Each structure stands twice: as structure tokens, then as C-alpha cells.
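Biologist: I should like to learn how to read a structure of this kind. Might we go through it together?

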Amino acid sequence: MHRDEGIGGLLGEVEAAEADLRAAAERRVGTGTAGRTGDGTGGEASEAGEADEAALAAYFEAVVAADQKVEPRDWMPEAYRTSLIRQIAQHAHSEIIGMQPEGNWITRAPSLKRKAILLAKVQDEAGHGLYLYAAAETLGVTRDELVDLLLAGRQKYSSIFNYPTLSWADIGAIGWLVDGAAIVNQVPLCRCSYGPYARAMIRICKEESFHQRQGYEILYGLARGTPAQREMAQDAIDRWWYPSLAMFGPPDAESTHSARSLAWKIKRFSNDELRQRFVDMCVPQAEALGLTLPDPALHWNADRGAHDFTPPDYAELMRVVGGDGPCNRERMAHRRRAHAEGQWVREAAAAHAAKRRDRERVPA
Amino acid sequence: MSADTDFVDYLLRRGDDCLVTAQRLGEWYAGAHEMEEDMALANIALDQLGTARLLLTYAGELEGEGRDEDALAYLRDDPQFRNCLLAELPNGDFGHTIVRLLFLSAYQWLLYARTADATGVDERWAAIAAKARKESAYHLDHSAQWTVRLGDGTDESHRRAQDAVDRLWPYTAELFESETTDGRALDPATLRDDWLSTVDKVLTEATLSRPADGAFEETHTGGRRGAHTAHLRDLLAELQSLHRAHPGATW
Amino acid sequence: MSSEPLWEVFVRPRRGLSHTHVGSLHAPDAALALRNARDLYTRRQEGVSIWVVPADAITASSPDEKDAFFDPAADKVYRHPTFYHVPDGVPHL
């Protein structure tokens, strides 16, 4: 694991992932044993039987093992496909729902510069959600289906967004801690085995570099401001620290999806590894802020070469994931209302498009 | 000195139009019918806010009383704001928001384009206008595209769009009230004919009608001299409250 | 359910380069697709050329000999050929 953790270090990793993606694309995938090396005509493929399925599976494994990318039309194990759909969709839903806790401070931002930065961030999040839905769609779902699953409560989004933004300092804490945790999760995904997801993650990570920085900058200013501002900042950190740690999911021992996801390179590091990386990143950053992290047990362990810390309350995480967080209902209601109230607009656009097509068919 | 005051007021009118428009658009976050529209509205809000900041900053400098963009945005009271009433009205439904944006952005685009091309106007104002003009063309295009789709979509969308035009039209006269600045800037009154033809073109394609010229005389005006509606009071309360709660603080 | 059609987006960032596939988006018609693409995939940069193509207008070839689904009549470049259903009552799906 890497010791130098700052945005520069993480951005460098994104560039490296992108360079490796291009380099891998130049190499041939060696299949070694099974499989046809035919000329790729349709006749052979249409006779697919069990032997062919084994050959396809072997090729899939070889591609993944060689750190090359699986692309939309490739054969893939059904569980690989469903895992990816679930993971990408959850990520997409998180971006969209994540617009809400921050978006509701746009109108109240305390300076025009901060208002502009927040507008840009929320706009980016909409865009990131759209990139991710587009990646998920290459796997055989439609965005409409995924949105319906979200609105029906049958697909999840990151539970971190079920906490309220009680003060302006929360906007800083979200940028520093929540986006920071998201970046630690996302950078390894730039090396995910599925091409469209890896490419979307590279694009997202590049655009997201300023999000964490601006959150940190907000807190830095507050910490050096009036006593009321300083208190606001410390209070926000006290409330967002443990939920941010919980963003990395349950401990490895209890994580159901992880083993297979790691084998298929959908996930590149375990929950605990990423959580530790995040903690080690934040400690010096908190020191530079002059504010404290709300964990008396937090200290450097020279033997491990990492910080010891109090884990978050996973029972609470499960409750919030299960729908019992402070704002679950509010987030979903906002989304459902927007969708319902927009129905007439979508219908109008479709009707207009149909009229245009009809008009174009009429001979001049 | 009074020519300077007139020009400062002129800049505040343009700047407040942008600021209040950005504020209203910012209320739409995560609330539009599709995520693409959430992006577009946030994008437009950001553009409007950017222009507001340039205009308020310049106005503050010229005024010479040490007020920067934030002092002007957060510490003025209602009667000191100079935006048109059209900008401060609540968003209403998407049809309302789009038609209001159509009317405003057509006005802004014409003003910025004319100003950027004019000779003899204030240089810095002309530079701001030149920068804002391209963005403004995009706002006009966006609102025109949607006005057409709503007007010429379903019966329901047509009804809602027509309702928006009917309710908002009386507020458009204020946009063309005459302003004098000793030649440093163009009189908005000169824009009315071109504005009408731009807007009429869109409304016609959208199969929407609008009231005849002169149907409403000066019924909805006053914003340009600080006589605002309760809507601005509510808007400013939200915009300003946090900043005012911490006097002298930086963010 | 909005059922806006899917479009594939190709962008040429500068004169001299060629158009590259950058992703997809939904829009009710071509004019809005182009504008959405400009917002989403170019962040309204200048000097960029954008193509939007209805996804179902694209015919795709088999990428290599390991493609099990090569069937010209069913070529859909943007998506896996088989339809995905979320079974009822399955948690976390």
C-alpha cells in the first residue's frame, strides 16, 4: 500500500492506470491451451456448445489475469455481469442522490465564490452519475430500469448520503471526508477489469480532483476564522468521521461479495485495506487543519506502519443501509417527486420527437 | 458624479438580474425531469453567477465605498436591489422556469452582443459583455429548444407553456425601460424590437400565442428602482442569512 | 418510464485528430442529444466536434474470434445481447 497520500499521489495513480490500460491494449492475450484460433467467422461461433463455453470461460479468465479489459460484447460469467451491474448502478445512484445533501446549501452559500464552487460540484455529480449509468447500460440493462429499481427501494446507494447537512461546515466535511473516501475507493477501480467501468472511473477521478480539495479548503478557512466558525467545523468533523469510515463497507471477515469481486478484478483491494489507507491519509490532514478527529484511540502504530483506530459502528451502518438513517425517506421522496413531477415534461419531449419524425416523412 | 452613479446603477441592474437568476436556477438542484436537465440548469446557473460576480465587482469598484461582490450580494436590503421583477418570481413548474429563462436570456444575449460590438461604450463593461455573450447564446438556445418541445408537445405541456407565457408576459415590459448613462452603455429600450422578433420566432415554432403589444401597460414594474415583490424578500432571506449571521467572517 | 432513446457519442477534441467513442446518453431527439453531449462529454469546451448516433443505427462486427454472440442480425454494439431481469425478492440486487 502506498504511504504518500495526498491528492497528487492519487491523481498520479489515475494517470498510471490509464497508461497501463493503453499499454495492455497493445499486447495480445495469450490463450495457451483451449480455444479456437479460427478466423472468427460466424459459422463456428453459432455452433457454441459446452466445449465452446469452456473455451470462452478460459479466454475470459486469461483476459482478466493479463490485466486486460473485458468489453461489452465479450462472453462473461453471469455472476460477473450481475455483480458489475449492481456495483456500477449503486455507484451511479450514489452520485445522483449525493447531489441532494450538498445541493440544498447552494442557495445559502455564504460567499459567491463558495456558491459557484458548490454549483460546479453538484453539476459534476450529475455528470458522473450519467457516465456510470452509461457504463451499466453496456451490460444489458437500461437506465430507466435502474432508476425504477432505485425509486422502488430495490437498489441501494451509498448510505453516507442518508445523513443531514446541518451546517455550512458539513459541506467542507463532505468534500474532505466523504469525497476523500470515495476517491480512495475509486482510484483502484480505474484498474477494474471491465472496460467501460474502468474508462468511466478514469474520467470521473480526473474531474473529481477539485472536489476534495475545495472541501478541505472550506474547513481550513473555518478553522482559522471566528470561534463560531471553528466550532462549526469541529462539530461537522465529529459527525462525519465515523460515517465516512463506514463508507468502505463491513470488515473483510463479514463482507459477502468481496472474494469473488477481488478474483474478477471488479474490486482491487479489500474494504479494510482501503479504510486503513483512508485513515492514514486523513490524520496528517487533520493535524494541518488544527482540528481533531473524534477518536481517542487514534495513534500511530510503528509495528504495523499504520494508524490504529476505532472502527465505525457497523450495526448502525446496517440500519442506515436498511433504510433507517436520518434522511433516507427524505432523499427518496425528493427523487421520487422529481421523477413524478417530470413525467409531463418527458411525455412532451417524446411527443414532439414523434411529431418531428412524422413531419420529416411527409414528402416535400 | 451623477453620471457615475447612473452607470453604477446600470451595472447593478445587469448584475442583479444575473444573481437573482442564478439563485432561482440553483433551487432546481436534483429536481428536474432528467439528470441531463439537472446538469444543464446547474451549468446555466453557474454562468449567470459568473457574470453577476464580474458585474458586482466592477460596480463596487466604481462606487468607491469599499464594497466587494459579497458586500453587495449579501448586505444590501431589498430596496437596494435593481433586478427586474421577472427574475425574482418563483420558479413555478418547468414550463414557467423555461419560458422565464427564454424571455430573460433573449434580452441578455441581445444586450451583451450589442454592447460587445458597440463603439464608445465603457471598455470593461464591453469586455464583460463579450465574455457573457457566448454563454448567453447557449442559455437562449436551451430555453428555446425546450419552449418548442413544451409548446408543441402534448396537450398538457402546451397548456402549461401557454399559461407560463400569459403569466410572465406582463413582466417583460420592465426589461425595456429606458436608462441613460452618458453613452457608457446602451439603452435597453433600443432592444425591444429585436427582442420581440427573437421571442416571437420561438413562440411561433412552439405554437404558442402571446398578448398583443401594449396589452399590459406598466402593471408589473418597479424592480429597476428597488420596488420589489415579497418574492425577493424570501429569496434574499435565504441567500443572505448565513453570511449575515457571522458579520465580518470570511469563508 | 421515460424511454428516451439511447445515443452513442463520438468526440473529436481538436482539428487533426479523429472522432473517438466517449460513451452514451439518453435524449428524446437528435438536437437535444447533441446539446446533452456537449454538456456531458465536452463540458462545453471550444473547438470540439461531436457526433451523436442513435445506438440502434450502429452495426457492430465481432471484436475477435472469442465473441460468442457473433450474429450480424443481432449486433448491438452498446449492450450485452441478453436481457437482464432483477428477480423479485433478491436482496442487494
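This is a predicted model: local features need pLDDT of at least 70, side-chain atom pairs count only at pLDDT 80 or more; totals for chains, interfaces and linings use all residues.

Biologist: What span should helix α5 of chain B have, and why?

Modeller: Helix α5 of chain B covers residues 94-117, and at 1.5 Å a residue its 24 residues should span 34 Å; the end C-alpha atoms lie 34 Å apart, so the two values agree.

Biologist: Is α5(B) mostly covered or mostly open, and which residue caps its N-terminal end?

Modeller: Of the 24 residues of α5(B), 20 are buried, so described because each has under 20% relative accessible area. The N-terminal cap is B:Asp93, with a side-chain oxygen 3.0 Å from the backbone nitrogen of B:Gly95.

Biologist: How is the size of an interface expressed?

Modeller: It is often given as the accessible area lost when the parts come together. Between chain B and chain A, about 4200 Å² is buried, with 65% given by carbon and sulfur atoms. Of the area that chain B buries against chain A, B:Tyr29, B:Met35 and B:Trp251 supply 20%, more than any other three residues. The contact takes 46 residues from chain B and 47 residues from chain A.

Biologist: How many salt bridges and polar contacts are there between chain B and chain A?

Modeller: There are four salt bridges and 19 residue pairs in polar contact. One salt bridge joins B:Glu36 to A:Arg143, whose closest N and O atoms are 2.8 Å apart.

Biologist: Which helix gives the most to the side of chain B that touches chain A?

Modeller: That helix is α2(B), with eleven residues. By class, this side of chain B has 21 nonpolar, twelve polar and 13 charged residues.

Notes:
Residues are numbered from 1 along each chain as its sequence is written. Chains are lettered from A and ligands numbered from 1 in the order in which they are written. Side-chain values use heavy atoms; hydrogens and water are left out. Helices (H or I, at least four residues) and strands (E, at least two) are DSSP runs, numbered from the N terminus. The expected span of a helix is 1.5 Å times one less than its number of residues. Buried means under 20% relative accessible area, exposed over 50%, partly exposed in between (1.4 Å probe, protein chains only). A polar contact is a pair of N or O atoms within 3.5 Å; within protein, one must be able to donate a hydrogen and the other to accept it, and residues adjacent in sequence count only if both atoms are side-chain atoms. Contact means heavy atoms within 4.5 Å. Buried area is the accessible area (1.4 Å probe) that two parts lose on being put together, summed over both. A salt bridge is a side-chain nitrogen of Lys or Arg within 4 Å of a carboxyl oxygen of Asp or Glu. Ala, Val, Leu, Ile, Met, Phe, Trp, Tyr, Cys and Pro count as nonpolar, Asp, Glu, Lys and Arg as charged, and the others, Gly among them, as polar.
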